[in-house]
Amino acid sequence: MLPLPGSPSSSWAMFRARLSALFAGADVRVCTAFWLFGLINNVLYVIILSAALDLVGPDVPKAIVLLADIIPSFVIKLCAPYFIHLVPYSYRTLLFAAISSWGMLLIALAPPYTDGGTITAKMAGVVLASLSSGAGELSFLGLTHYYGPFSQAAWGSGTGAAGLIGAGYYSITTTTIGLSVKTSLLASSVLPLVLVMGFFLVLPRGPLRRTASSKHPDEDMEDEGSNEDVPDREDRGLLADPLERSTTSIKSSNPTETSTSWQKRFLHDLRRARGLIYPYILPLMLVYFAEYLINQSVTPTLLFPLDKTPFTEYRSFYPTYATIYQLGVFVSRSSLPFIRIPYLYTMGSLQCLNLALLIFQALYTIFPSVYIVFAFIFWVGVLGGLVYVNAYANVADDMPDAEREFALGAVSVSDSAGISLSALVGVLGGVEEGLCAWQVGRGKDWCRKL
C-alpha cells in the first residue's frame, strides 16, 4: 500500500519507490496497446449517446438511441463467447475497425431530423457501431488473459477515458467550437484506425504466438520481424492474487475436449457460464441498470432555472451531466492498481439508492442547487467504474488459467444486459416522459425547452 500522509514512511522518495513497485513488471507497450483498445472500442459508443438529443430530436425518447446502441452489443456478447475463439484476434481487429467506421459514416451522412430525415438510417449506423463495440469488448477482455493483470488495468483505464473523451469531444466540437453535428460525427469515423495501429504496431504479440497452436492461431498475420519476448504473466503488484498460482502454463483445451462434438462443447460452455451468473454477472447488471436509467431517462429532467445555473440554454444540461458522469467513470476505472473493492453487491445497492434519490430530485427538487446534482452524477460514474474494474479483477483472480479467457468474455454480457434492461424500462415505462409531464403539470416546463 501507499504510505499515509504524515506517517514516518511518507517521504517523497519512499512514495516514489512504492509507487514504482506497484507497476513493477508492467510492459509499456502492452499497457499502451490495451489502453488504446479500451479507449477506441468504447469512445464511439459514448459519442453516440452524447449525440442522442441531436440524432432523434426532443420529441423522441433518448432511450431509443440507447436501445439501438446496446441491444446489438448485448446479443453479440451473449452468443459470441461460444464461437468467436475460431477467429484469430488479428482478423477480429480489422473487422471491428471496418464495421465501426462504416456505422459512424452512416450516422453522420444520413439526413438530420431537422431536414425531414427519418431516424431509421441513423439507427442502422448505431446498430453497426454497437455490434463492433460489443464483440470488441469481449475479445479484448479475453486477450488480457495472455498479457497479465496490467493489461486488464490499462483496458479499464482506457474505457474510462473513452467516456470522458467521447463526451468531452462532442460537447467541445458542437458547443464550444461550433461544428455541425454531421462534421463532428464524420471526424470520429476515422478513430477505429487506432485499433488497427494498436494491435499491429504497438502490441507485442509474442504471447499470442506461443498459444497459436491451441486456440488463437494469429501466425497467419504476424510480422516476422517482431520477436519481442513478453512475459506471459506480468508481476502483479497490488493486483496479485493472495494465493500464488502455479507458474506452469495450463492449456485452454485438452485433447479430450477438442475431440468432443460441437454440441458437447457448447453445453460445456453453457455450464461454465451458469457458474458466473451470481458472483459476477448479476451485480454488474444491477449497477448498470441503475446508472443507465439515471443517464438516459432521469438526467434529461434534472433541470433548474437558467439564472441559477452556469448555462444559457437548457440544451447544455444533458451533455454537461454526461461529461461529469464520464469523469467519475474515468477516475474509478483507473483505480485498479491502487485500490481493490471486491464488494460488488454493496456498490450495486448504492447505485440503486442514487437512482431513487435522483428520481425524487426530478419530482420534488430536494436539492436546491445544480452543483449538488453535479456531485451526485459524478458519484454515479465512480460507482459504475468501480464495479466494472473490480468485477473483472475478481474474475481474473478467481478463475483458473484454463477458464479465465472464456470467463472474461462471458461476463462482459452483464453490463450490456443491465443497460438493455434500463433502456427497455425507460422506453416502455415512459420514465422520462412521465417525469417531464409531472414537472410540466407543476409549472416547470423546462424539459420541453431542450
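This is a predicted model: local features need pLDDT of at least 70, side-chain atom pairs count only at pLDDT 80 or more; totals for chains, interfaces and linings use all residues.
Local features are taken where pLDDT is at least 70 and side-chain atom pairs at pLDDT 80 or more, while totals for chains, interfaces and linings use all residues. Residues are numbered from 1 along each chain as its sequence is written, and side-chain values use heavy atoms, with hydrogens and water left out.

Start with the core. A nonpolar core is a set of buried Ala, Val, Leu, Ile, Met, Phe, Trp, Tyr and Cys residues joined through side-chain atoms within 4.5 Å. Buried means under 20% relative accessible area, exposed means over 50%, and partly exposed lies in between (1.4 Å probe, protein chains only). The largest such core has 110 residues, and the members that touch the most others are F37, L143, Y321 and I377. Helix α16 (residues 370-398) supplies the largest share of this core, 15 residues. Helices here are DSSP runs of H or I with at least four residues, numbered from the N terminus.

Y321 shows what such touching looks like. Contact means heavy atoms within 4.5 Å. Not counting residues up to four places away in sequence, Y321 touches T299, L302, F304, V370, V373, F374 and I377.

Next is S101, in helix α5 (residues 89-109). S101 counts as buried because its relative accessibility is 16%. Apart from neighbours within four places in sequence, S101 is in contact with S189 and P192.

L424 belongs to helix α18 (residues 413-428). Its relative accessibility is 37%, so L424 counts as partly exposed. Beyond residues up to four places away in sequence, L424 touches L67 and G429. L293 is 131 residues from L424 along the chain, and their C-alpha atoms are separated by 9.5 Å.

Definitions and conventions:
Helices (H or I, at least four residues) and strands (E, at least two) are DSSP runs, numbered from the N terminus.
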